[in-house]
Every structure is written in C-alpha cells, then in structure tokens.
Amino acid sequence: MPGPFSGRVVCASLTHVRLFQVDPSKPPPGPFRAEFWRSPLRGPWLTAVLGLVLLIGLPIVIITGLLSNDAYQPGLGGNALGRNVGGPLDFYLFGWPTRPTWLYALTQGLHVSIGLALFPVLLAKLWSVIPRLFEWPPVRGPAHALERLSLALLVGSALFEFVTGIINIQYWYAFRFSFTQAHYYGAWVFIGAFLAHVTLKFGTMRRSLKTRADVFQSIRGEGEGEDDEAVATLGPRVEAPSLTAVSPAPATMSRRALLATVGAGSILLLLQGAGQSLGGPFRGLAFLLPRGRVRPGPLGFPVNKTAVAAGISAPKVGANWRLALVGEHTVSLSRQQLLALPQHTYDLPIACVEGWSTTQKWSGVRLRDLAALCGVTHAATVTSMSLEHGTYGHATLGHEQVADERSLLALRVNDRDLSLDHGYPARVISPAVPGVHCTKWVSHMTFHPVRE
C-alpha cells in the first residue's frame, strides 16, 4: 500500500523534472539564438551542393583507404603494426595482387589526392551547417537524439581522419598515438556515421537541389541571393530554418564566389597530391608537400627515411655484413655472393602511404630463387628483417609477391649500386606493394611455407 509520504514524493519528482525542462521559445544568449547567425550565404541549396560533392568524393576516399589497408596484408606476421586482426572489421581481407605494378601507387594516390581536394569542401560544409550544432532545444526526443549523436560522430571522425591524414602526409607527428591504428579505427567510426548521415539526409539534399532548379525556372536567374526568398513562395522549406539567416548581414561576396574560392582551394590541393603521386616532371606541382619541395636522394629520387634517421652507419653494412636466409635450412651470403647469383632487372615503383611514388630500374636476385637456396620450393611468404630497429624494421610479403618473378632483393638501381640511404647493401622491391614493405638494409629473410 502507498505510504503517507508517497504523494509528496511524486509531486517532488515532477517538480524536479520541470526544473530541468527547457523552454523552446527561450534559447540562451549567443549561438543558440537564430539572430546570432547573420551570413546571407547560408542556405539549403549551398549546403546541398557541398554535400553532393562530398557524396561523390568521400566513397572514393573510403574505398581506396580500405584497399590500402588490404595492401598491407595485416593478417601476415608483423604487418598489422600492433593491432589485433581477424575481427569483424577485417572481413574484406584478401591476397593483394602484384599486377599491375602501379596498383598501390594508383589507389593510394587517389586516396591522398582526393582526400586533400575534399578538405576545403568539408570545411565549407561544416561552416554552412554550423547553426545546426546549436539547435534549441538541443534534443527534442529519442529520434532526434540519435540523429544528433550520429552528427557528432560524423563531424568528429571526419575532422580527425582528415587532420591526422594531412599531418601524416607532412611527416609531422604531433600526436603521441600510433597513426596507423588510430586512422584505421577512426575510419570505421567515420564510415558508419557517414552511411547513417547519407541515409537520413539524402532525400533532403535532393529536394534542396530540386527547389533551387524550380526557383531558377520561376525567376529566370534574376538576382544572386534570391533563392531563400523565392523558396518561401513555392511551398514549405525543405531544411530546418536555422540554415537561413533571420536577419542577414549585408553580403560581401556571392554564393558563386564562395563556391569558386572553395573550388580553387580544392584544385590547388588536388595538384599537390597528384604531383607527388605521379612524380617525374609533375613532382614540382607538389610544392606544399615534402616530396615535392625537397631535393631528391643521392641517386636522383626521394627516400622516405635516410640511413642517419634509421640509425644505420657504414660499419653496420661493411665487409662483415651477411644476409641470413632461413627456410628448411639456413644459408649465409655476402654481398659478393649475392651479386654472383643470376641477376634480373625490372622497372618497379615505390609507392608510400603518404601518397608519393617513384619508378626506377632495379636489379637483384629474385625472392623465389632465394627461397629455393634455403630449401623452400613451394608457395611461401617471407619476413624480411632490417638492420633498422623499431616498428618498421620488418615486413612480411605474401606468397603472391614471393612467387612473382619481379620481386627482388635489389642490389643495384639504375645501373648503380644502392646508396646507403636507398638501402645498401640490399633491399626488397616488389610490384604493387606499399613502400614500407620494401624493407631496406635487409639482414635476415625467413621463408614460411604456405600450408594447403
């Protein structure tokens, strides 16, 4: 039975709830009030145009990013760089092909170049919808709360992925976490939030673009900022009214000028990524990126890490250097003995995750011939260990790479001995793989037979 104080408790609870209710008609001062946002450029059509560009470009960035992760073959020993693999997020893993040789240069070049080009569009889109971040009341119900959560995840993950990606391209590691792991998991948050946002807003974007077309047909293009006023005569607004200024300030530029400015910035950044990806005479276009504005390495093409940066000194690779081949049995070879083996020459690219690539003429011993020397004659993977210590001091190539006749332990490049910065006395080179898997300063190679 209810106690003598139960009615008072209920009344007190209801009073407590009312204390925390917000009045939708009385937003707090500042950005929560519609009058705060005065730009005459914001509107449903501008937001829809920027959203359409992102809708076209972001899937390319997402797909090429997933392909880049697959090219790393994280399921092989050591390639996951410390993250656990085999979970539900690794369902797409497959053997990475070796043809065409420029496959990774293409996919990663697109990833970086288009990602750079979309950054100004992303910033403009966020500017165009920033009043939405200050809606009042902040939450109007469970469905609205879920939409707000997906929006927060989308904005946060998008900024995280773009900013850390650009910092990585510049080799400026201002953060203290692993870029590869954080970028990978952040990408999955972004993909989920992006798909949710597209599902919720695709219809709104279509209606906004169609409304602008209807406006142009009705007013024949007269006036530059006319669409918001004309939309009101054509029916209800297709977006929340917070995108259109209640009391707009005088315009200092047109929407066309704004889009032209964003487009110019995107083209400039696109040339940066494309210049370092294509290389050769186009490299000078990438004057804002490290591989476009620095002098090439000692043999006429760039290096990602110098011998000094890797802690490699001349005595480590002197006359006492030996390559250990481990398979069914162990073989130790000097550089002269490697040079005495059959040599093969191929034009192969080095393409790095930062988006730059370069194609050179490499000469050396086929990996499959080295496998045979230590008794491995069937399909095998190979783990190459470098004299360099640390995360990138080893990498594993799949059996597809080992079996390819163009996969080499390179000893020379462009008819000259390797320089110390380029991996002397020996380095791995294989078609279509990430540059980090082309291990430099190799000291050990272990061949692991693939069991059927």
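This is a predicted model: local features need pLDDT of at least 70, side-chain atom pairs count only at pLDDT 80 or more; totals for chains, interfaces and linings use all residues.
View 1. Helix 2 bends by about 30° at Gly 57, and a proline, Pro 59, follows within four residues. The helix covers residues 44-71, and its end C-alpha atoms lie 40 Å apart. This separation agrees with expectation, because 28 residues at 1.5 Å a residue should span 40 Å. Just after helix 2, Gln 73 adopts a positive phi of about 45°.

**View 2. Crossing of helix 3 and helix 7.** Two packed helices are described by the angle between their axes and the distance between the axes. For helix 3 (residues 103-129) and helix 7 (residues 255-278), the axes come within 9 Å and cross at roughly 160°. The angle is over 145 degrees, and helix 3 is therefore roughly antiparallel to helix 7. The crossing is right-handed.

**View 3. Residues in contact between helix 3 and helix 7.** The contacting residues of helix 3 include Ala 105, Gly 109, Val 112, Leu 116, Pro 120 and Trp 127.

**View 4. Pairing of strand 5 with strand 10.** Strand 5 (residues 380-386) and strand 10 (residues 442-449) are joined in the antiparallel sense over 7 bridges. Thr 381 has His 448, in strand 10, as its bridge partner.

Definitions and conventions. Residues are numbered from 1 along each chain as its sequence is written. Side-chain values use heavy atoms; hydrogens and water are left out. Helices (H or I, at least four residues) and strands (E, at least two) are DSSP runs, numbered from the N terminus. The expected span of a helix is 1.5 Å times one less than its number of residues. The bend at a residue is the angle between axes fitted to the seven residues ending there and the seven starting there. Two strands pair if DSSP finds at least two bridges between them. Axes are lines fitted to C-alpha atoms, for helices over the stretch in contact, and angles run from 0 to 180 degrees between N-to-C directions. Angles under 35 degrees count as roughly parallel, over 145 as roughly antiparallel, 65 to 115 as roughly perpendicular and the rest as oblique. A crossing is left-handed if the near helix is turned anticlockwise from the far one by less than a right angle, and right-handed if clockwise. Contact means heavy atoms within 4.5 Å.
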